[in-house]
Amino acid sequence: MSDHTIPYKIYLSETEIPSAWYNLRADMKNKPAPLLNPGTHQPMTAAELSGVFCDELIEQELDDTTPFFAIPEPIREYYRTYRPSPLVRAYHLEKALGTPAKIYYKFEGNNTSGSHKLNSAIAQAYYAKKQGLKGVTTETGAGQWGTALSMACSYFGLDCKVYMVKVSYEQKPFRREVMRTYGASVTPSPSMETAVGRKILAEHPGTTGSLGCAISEAVEVATSIPGYRYVLGSVLNQVLLHQSVIGLETKTALDKYGITPDIIIGCAGGGSNLGGLIAPFMGEKLRGEKDYRIIAVEPASCPSFTRGKYAYDFCDTGMVCPLAKMYTLGSGFIPAPNHVGGLRYHGMSSTLSQLYADGLMEAVSVPQTSVFEAAEYFARVEGILPAPESSHAIRVAIDEAVKCRESGEEKTIVFGLTGTGYFDMVAYEKFHDGKMSDYIPTDEELKASLDKLPVV
């Protein structure tokens, strides 16, 4: 198909919003390892998880065989307020790079939360309300998940308690205020409000926090207040399930114009965006129907895939959550206080970890200043100010397009633009003023953390 027949933005109709989420695990020959009880080292049962998570979400979390879960109509009704999201052909970027590659990005920033996180927040709030709960607790890094969940809880009439990684709480006050506008309470983590927060502060005075710390606090609060449950914005199987709407819409849009991608790229922190984007494509790969090159991009300051260990580890710094088998830097690893808040998690989704271990996808890590160079370049030529997290995918998409220019290959590249960066202007300011630095942990630092992995 000639280029002039493909529009800048491929829009789907409301009727093409997926009616079911796709469970990638159903097509995996090697299933992701189960969550383990940290005391017994036996697989966690639904009964054991029921004090932490909503009942129907537990069913989704533990189900490795059901390929599709119908999306309840109240969730689809909310989806219709901002979905389908556009698949955009980056004509201007292609021209600026002088590349024969064709570049597309799935833009998830067209909602008030500014990111893809709303896809799962709506689902989790719906199931909490359906169960008759009073409210939910959660953690948030850069603030996109907390913002999305505060919106969803407001819509369904739930209380929302957010523990925000301290460095992001201080760097991004406006993101915090959006959450409060929607009725959420926002606490910088680690805090003195919880036993685990006080313990972490005693052991790490002055720490800027991590997602692992915030998870510990949110879980403690959820399990100590009747009528509350904990919800998570990434990592878990249920979250990747909900985010599959991204990939399903992307594939429908590409199929509409007979386009087959060669390379699919997503940023990777805990796995929600990447897992959602690649889901149907990885499904085809697993079934032997098609092959794609899939690349996960993570920050060099928190390189779970590229420098972590594939092992069972705690999902949180306070060691109160179940053990998950994943690529991890150790639950005690406190990342540098850089500006990629949404990617500062010590581990990676068990589903994506299994796929990576099986050689079905690649991973690269990139330094922060290089990421912001790509973000600025993209903003100037495509007109969208990207979130720092998304800019990791932009960095590698540009690098792959340049390789095509050098080799003359006409590859088709698809990447996920997870959200906008309008609440990240402190980071952009530091980049423009030359005050941004790259931090890459040493082998000794990683070893000190990995040496403390639980023995399973």
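The side chains of K106 and E249 meet in a salt bridge, with 2.9 Å from N to O; a salt bridge is a side-chain nitrogen of Lys or Arg within 4 Å of a carboxyl oxygen of Asp or Glu. This pair links distant parts of the chain, since K106 lies in strand β5 and E249 in helix α11 (residues 237-256), 143 residues apart. The model is predicted: local features need pLDDT of at least 70, side-chain atom pairs count only at pLDDT 80 or more, and totals for chains, interfaces and linings use all residues. Residues are numbered from 1 along each chain as its sequence is written, and side-chain values use heavy atoms, with hydrogens and water left out.

**Salt bridges**

- Both K106 and E249 are buried, where buried means under 20% relative accessible area, exposed over 50%, and partly exposed in between (1.4 Å probe, protein chains only).
- A network of salt bridges links R83, K106, E108 and E249.
- A further salt bridge joins the side chains of R287 and D27 (2.8 Å, N to O).
- R287 lies in the loop between α12 (272-286) and β11 (293-299) and D27 in the loop between β2 (20-22) and α1, so this pair ties together parts that are 260 residues apart in sequence.
- R287 counts as partly exposed, at 40% relative accessibility, and D27 also counts as partly exposed, at 25%.
- The count of salt bridges comes to 27.

**Sheet**

- An open sheet of mixed pairing is formed by 7 strands in the order β1-β4-β5-β15-β10-β11-β14; two strands pair if DSSP finds at least two bridges between them.
- Helices (H or I, at least four residues) and strands (E, at least two) are DSSP runs, numbered from the N terminus.
- Strands β4 (residues 87-89) and β5 (residues 102-107) run antiparallel and are joined by 3 bridges.
- Within this pairing, R89 stands opposite Y104 in β5.

**Largest pocket**

- The lining of the largest pocket comprises 18 residues, of which H204, T317, M319, G332 and K452 lie nearest its centre; a pocket is an open set of points on a 1 Å grid over the protein atoms alone, where a 1.4 Å probe fits, with protein on both sides within 12 Å along at least five of seven lines, and lining residues have an atom within 4 Å of a point.
- Helix α9 gives the most to this lining, with 4 residues.
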